[in-house]
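Me: Could we go through this structure together? I would like to begin with the overall picture and then turn to details.

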Amino acid sequence: MLKTAAYAAASAQSPLAPHSIERREPGPEEVLIDILYCGVCHSDIHQARDEWGGSIFPMVPGHEIVGRVARVGADVVGFKPGDAVGVGCFVDSCRECPQCRDGLEQYCDQGMTGTYNSRERASGVPTYGGYSTRITVDQAYVLRIPESIPLDRAAPLLCAGITTYSPLKHYGVKAGDRVGVVGLGGLGHMAVKLAAAMGAQVTVLSTSESKREAALALGAQDFAATRDPSVFKRLARSFDFIIDSVSGEHDYNAYLSLLKVDGTMVLLGIPEAPAPVAAGVLISKRRRLAGSMIGGIAETQEMLDFCAEHGVASDIELIDIAQINEAYERMIKGDVRYRFVIDIASLEKAA
């Protein structure tokens, strides 16, 4: 076993603090990764503070992991020491259900094994995430990071990037389609970049007029401040597809009215309270309201390759590990453009 420096939450009420965990030497089909960068996802906060229930402590968060291969097992194919690699939101699945066989491991019937706050399928020991200096992962769940993407800016692609890419691909968004993006945060900014790279005509729908300039700089062609109710009349029946990245309470029906006939709105955010949906707004134009989460391993690799081809990467603020508790508070206030990424070299120095 390899003693490994980390940052962990000891309980739901505890700030993140230095901690030590153990990683195993790679087995025959495993890859040992020296972590360089780890993105900070809002779900890290939810789980570290047990806001979703069932949290396992001590918890080492982090599922947007980028690093380089340190060692590989004897039967590993396709990875070698020095390769730039990534680990996303899960590190295992049952591998046998219809979804796993179809490359949809994120929808595994038995539940995917989370990169952290989960338990290994064979041993039952807790999984620990990327707020640490190394990780050992089965080769089937390791991703290749194209060298043309800056490694720090690649980290959020493994959650925010694939969460937005997956529904865009699944619902066939193509050049010329009109796409609305609700919310311009960690998810929303990636939705804008990816949809624009696919050739779509993107409009950002935000409650904050102050985000107009940023939205256009990210690649959107238009911006609408939705606090003005006349916006919903002006843009009625305008969009082929809407990505809703907002987790705060809002009126789904108002946004559904912006879809054309056969338009689709996909929910990525999870508001605390269920939201009412009027059947009429769906029936009247044969609209669809759907949900989506991350992608499977093959689709995540496809997304990374697409980003490399089109020059897409996350907009980040690089922080030291000692700033993580402050970063959590800033995220809650929406004070980040658009994703915090931890420089794990700062953790190595602190250790």
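**Overall dimensions**

Reply: With 351 residues, the chain has a radius of gyration of 20 Å, which agrees with the value near 20 Å for a compact globule (taken over C-alpha atoms; the rule is 2.2 Å times the number of residues to the power 0.38). This is a predicted model, in which local features need pLDDT of at least 70 and side-chain atom pairs count only at pLDDT 80 or more, while totals for chains, interfaces and linings use all residues. Residues are numbered from 1 along each chain as its sequence is written, and side-chain values use heavy atoms, with hydrogens and water left out.

Me: How many of the 351 residues are buried, as a percentage?
Reply: Buried residues (under 20% relative accessible area; exposed is over 50%, partly exposed in between; 1.4 Å probe, protein chains only) account for 55% of the chain.

Me: Changing topic, how many disulfides are there?
Reply: The structure has zero disulfides, a disulfide being a pair of cysteine sulfur atoms within 2.5 Å.

Me: Is M293 buried or partly exposed?
Reply: M293 is partly exposed, with a relative accessible area of 30%.
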